[in-house]
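Welcome, and thanks for taking a look at this one with us. Please have the viewer open beside the text as you read.

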Amino acid sequence: MNQKVLLILLITFTFSATSQETLSFKGSKLYHATNSWDFICENYALTGITAIQIAKTENGGILKLAVATTNPTFNISGVVYVYLTDNTIIICSDKGIRENIENNIVSYYTFSPLEMNKMKTTDIQSIRFNIKGNASKFSSQIGNFTAVNRKTYFSTASDKTKKNYNTATQITTLYQ
């Protein structure tokens, strides 16, 4: 019996520890956030990775998108589409909140409380976004890209590990 109680406490502690990261929104107030998820972006040749993070705010939430780039004048802009596993779509309009951190272009989008509640029960399947700028021969790509909720590019049929991130679980943990 004591082992069961210990196991339950360990699992509870593990889930609560996953949401202890913070997100600094353009250097201002710190918000409690999920872990940063590295979604696979196969058609982005520079790294193939898009860093995704979601934070809880007083009136909804914040989506942070970050992509490595060779040109710091590029930016993630325009409408972002968040596709959920239940085939619903959350449309995020561009508020023009961007920054460059080291060699990454970062953009922030806001979620309403209703959208955050939806993401607490349904995992994110993919995120569609645009990179804009004036490209040259040796710069990273511009255009439309889709970041898919997958942990690795390749796997085998015998690999039984979870291949995507439990986004709904981590977002739910933010509210506990």
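What follows is a short tour of the nonpolar cores, the aromatic pairs and one asparagine in this predicted model.

Let's begin inside the protein. In soluble globular proteins, nonpolar side chains tend to be buried together. Here the largest nonpolar core has 28 residues, and the members that touch the most others are Leu63, Val82 and Phe129. Strand S11, residues 124-132, gives this core its largest share, with four residues. Another core lies apart from it and holds nine residues, including Ile62, Ala66, Val106 and Tyr108.

Setting aside residues up to four places away in sequence, Val82 touches Leu63, Thr88, Ile89, Ile90, Cys92, Phe111, Ile124, Ser126 and Ile127. As for disulfides, the structure holds zero.

## Aromatic pairs

Searching the whole structure turns up four aromatic pairs. One of them joins Trp37 and Phe39: the ring centres are 6.3 Å apart and the planes meet at 25 degrees, so this pair is stacked, the limit for that label being under 30 degrees. Both partners are buried, Trp37 with a relative accessible area of 1% and Phe39 with 0%. Another pair, Phe129 with Phe145, is tilted, with 6.0 Å from centre to centre and 35 degrees between the planes. Because Phe129 belongs to strand S11 and Phe145 to strand S12, this pair ties together parts that are 16 residues apart in sequence. Phe129 is buried at a relative accessible area of 1%, and Phe145 counts as buried at 2%.

Trp37 and Phe39 also share one aromatic cluster with Tyr165. Elsewhere, a charge meets a ring: Lys120 lies over the face of Tyr175, 4.1 Å from the ring centre.

## The surroundings of Phe39

Phe39 sits in strand S3, which covers residues 37-40. Leaving out neighbours within four places in sequence, its contacts include Gly48, Ile49, Thr50 and Ile52, as well as Ile124 and Ile127. Phe39 is also in contact with Ala147, Val148, Asn149 and Arg150, and with Tyr165 and Thr167.

For a view of the fold across the sequence, compare Phe39 with Ser126: they are 87 residues apart along the chain, yet their C-alpha atoms are separated by 8.1 Å. Ser126 is also one of the residues that Val82 touches.

## A buried asparagine

Where does Asn149 lie? Its place is the loop between strand S12 (143-148) and helix H3 (167-174). Asn149 is buried, because its relative accessible area of 5% falls under the 20% limit.

What does the side chain of Asn149 reach at 2.7 Å? It reaches the backbone oxygen of Ile124. A polar atom of the Asn149 side chain also lies 2.8 Å from the backbone nitrogen of Tyr165. Not counting residues up to four places away in sequence, Asn149 touches Phe39, Ile124, Gln125, Lys163, Asn164, Tyr165 and Thr167.

Conventions. Residues are numbered from 1 along each chain as its sequence is written. This is a predicted model: local features need pLDDT of at least 70, side-chain atom pairs count only at pLDDT 80 or more; totals for chains, interfaces and linings use all residues. Side-chain values use heavy atoms; hydrogens and water are left out. A nonpolar core is a set of buried Ala, Val, Leu, Ile, Met, Phe, Trp, Tyr and Cys residues joined through side-chain atoms within 4.5 Å. Buried means under 20% relative accessible area, exposed over 50%, partly exposed in between (1.4 Å probe, protein chains only). Helices (H or I, at least four residues) and strands (E, at least two) are DSSP runs, numbered from the N terminus. Contact means heavy atoms within 4.5 Å. A disulfide is a pair of cysteine sulfur atoms within 2.5 Å. A polar contact is a pair of N or O atoms within 3.5 Å; within protein, one must be able to donate a hydrogen and the other to accept it, and residues adjacent in sequence count only if both atoms are side-chain atoms. Rings of Phe, Tyr and Trp (its six-membered ring) pair if their centres lie within 6.5 Å; planes under 30 degrees apart count as stacked, over 60 as edge-to-face and the rest as tilted. A charge sits over a ring if NZ of Lys or CZ of Arg is within 6 Å of the ring centre and within 35 degrees of the ring normal.
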